[in-house]
Amino acid sequence: MYQKGFHIVRKWSFGLRSEPRHRVWGGRIASERSVAVVPVLNEAQNIRSLIESIFATGRVGRVLVVDDGSTDGTLEILEVVASEYPGLDVEVRRTERGFGTAVLFGFRECLRRYEFDRLVQMDGDLSHDPAAIPGMLDMPADLVIGSRYVRGGRIVNWPLPRRVISMMANGLARRLLGLPVRDVTSGYRVYSRRLVQTIVDQANCGGYEMLVEAVWLANQHGLTLQETPIRFLERRNGRSKLATHEEAAKFVRFVFRKSIEQLT
Ligand SMILES: Nc1nc2c(ncn2[C@@H]2O[C@H](COP(=O)(O)OP(=O)(O)O)[C@@H](O)[C@H]2O)c(=O)[nH]1
Ligand SMILES: [Mg+2]
């Protein structure tokens with residue numbers, strides 16, 4: 001039934017070597033057909049535990065990891081994990097790199113391959129606790145944001161400067177773009193299929209600011225947005241690749257450009 005949605009995957013994807021697809025959604029009711037996209041770059045110490053915890057929720061049928069050529073052993077680990085979990089697919093991009101384009105690539109591939117209803121996006125460094133997935137999937141909005149900045153939300157182990165920068169970036173985007181949510185830069189979200197389609201069709205951003213653009217598009221199209229508090233735990237292993245001046249500058253440029261576009 002849902003197999004109709006699957007397509008042949010390119011040869012570097014090793015998810016396909018695993019078991020037949022029809023076992024994946026086994027026993028789940030149709031409305032729970034959810035997939036997850038995880039952008040990954042050098043997460044050798046985190047990735048196995050993350051994948052196991054996502055599938056342990058019992059609410060995600062397929063996980064698509066988009067890796068941009070990790071060199072720290074992540075790919076070797078993923079190959080083993082994919083042989084254990086039929087629901088895991090891995091795409092390794094060799095020609096392009098970057099968080100935003102990796103997420104968008106994952107969205108496109110999910111639309112092409114799976115007949116899903118909801119799509120979970122989360123980081124691969126265990127900052128986002130997979131235990132929150134069921135609660136987020138239970139919320140009916142087109143965009144559910146796992147939020148650090150609503151009552152009950154928390155950030156653990158961030159130094160003060162990073163907290164301040166993140167709060168300023170959020171405040172700026174929220175006010176200038178009139179967005180109805182407090183955490184526009186959270187990378188932990190659930191999207192409806194129609195929002196994923198809209199983003200794939202209309203998003204222009206390939207950087208970290210893609211996160212804001214996705215919220216902006218949902219709002220522009222009058223789709224429903226909801227936030228739920230999460231506890232964001234700064235990575236224990238590996239290095240952050242996004243907390244750079246270059247990413248921050250792209251983010252600010254995007255917010256100003258969009259807000260000027262809105263005025264004119
Ligand atoms: N595919 C891909 N994933 C990336 C890239 N940069 C970061 N990531 C992943 O995106 C997620 C968030 O990145 P991270 O470095 O933890 O950023 P931070 O949490 O903002 O410090 C993690 O799973 C990273 O492995 C990239 O260029 N390509
Ligand atoms: Mg991180």
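Student: What makes Asn42 count as buried?

Tutor: Asn42 has 21 C-beta neighbours inside 10 Å. The threshold for a buried residue is 20 or more, so Asn42 counts as buried. Asn42 is found in the loop between β1 and α1 (47-56).

Student: What is said of the phi of Asn42?

Tutor: Asn42 is not a glycine, yet its phi is positive, at about 55°. Most residues other than glycine have a negative phi.

Student: Where does Leu126 lie, and is Leu126 buried or exposed?

Tutor: Leu126 lies in the loop between β4 and α4 (133-137). With 21 other C-beta atoms within 10 Å, Leu126 is buried, because a buried residue needs 20 or more. Leu126 also has a positive phi, of about 70°, although it is not a glycine.

Student: Why is Glu79 called partly exposed?

Tutor: Glu79 has 14 other C-beta atoms within 10 Å. Glu79 and Asp89 are ten residues apart in sequence, and their C-alpha atoms are 9.4 Å apart in space.

Student: How do you know that β1 is largely enclosed by the rest of the structure?

Tutor: Seven of the seven residues of β1 are buried, so the strand is largely enclosed. Both of its faces are covered: Ser34, Ala36, Val38 and Val40 are buried on one side, and Val35, Val37 and Pro39 are buried on the other. In a regular strand the side chains alternate between the two faces of the sheet.

Student: What makes β1 and β4 a pair, and which strand does β1 also join?

Tutor: A pair needs at least two bridges. β1 and β4 have four, in the parallel sense, and Ser34 stands opposite Arg118 in β4. Six bridges join β1 to β2, and these two strands also run parallel; the bridge partner of Pro39 in β2 is Val66.

Student: How do you know that the buried residues of α6 are on the same side of the helix?

Tutor: The buried residues in α6 (residues 193-202) are Leu195, Val196 and Ile199. They cover an arc of only 105° around the axis, which puts them on the same side of α6. An α-helix has 3.6 residues a turn, so residues three or four places apart point the same way. Among the elements that cover the buried residues of α6 are α3, β5 (143-147) and α7 (210-220).

Student: What is the confidence of the model, and where is the pLDDT below 50?

Tutor: The chain averages a pLDDT of 88, and 88% of the residues score at least 70. Over residues 1-12 the pLDDT is below 50, and this stretch has 19 contacts in the model beyond near neighbours in sequence. The pLDDT is also below 50 over residues 15-31, a stretch with 24 such contacts. Where pLDDT is low, the predicted coordinates should not be read in detail.

Key
Residues numbered from 1 in each chain as written. Chains lettered and ligands numbered in written order. Predicted model: local features only at pLDDT ≥ 70, side-chain atom pairs only at ≥ 80, totals over all residues. pLDDT = per-residue confidence, 0-100. Contact = placed C-beta atoms within 7 Å. Buried ≥ 20, exposed ≤ 12 C-beta atoms within 10 Å, placed from the backbone. Arc of directions from axis to C-beta.
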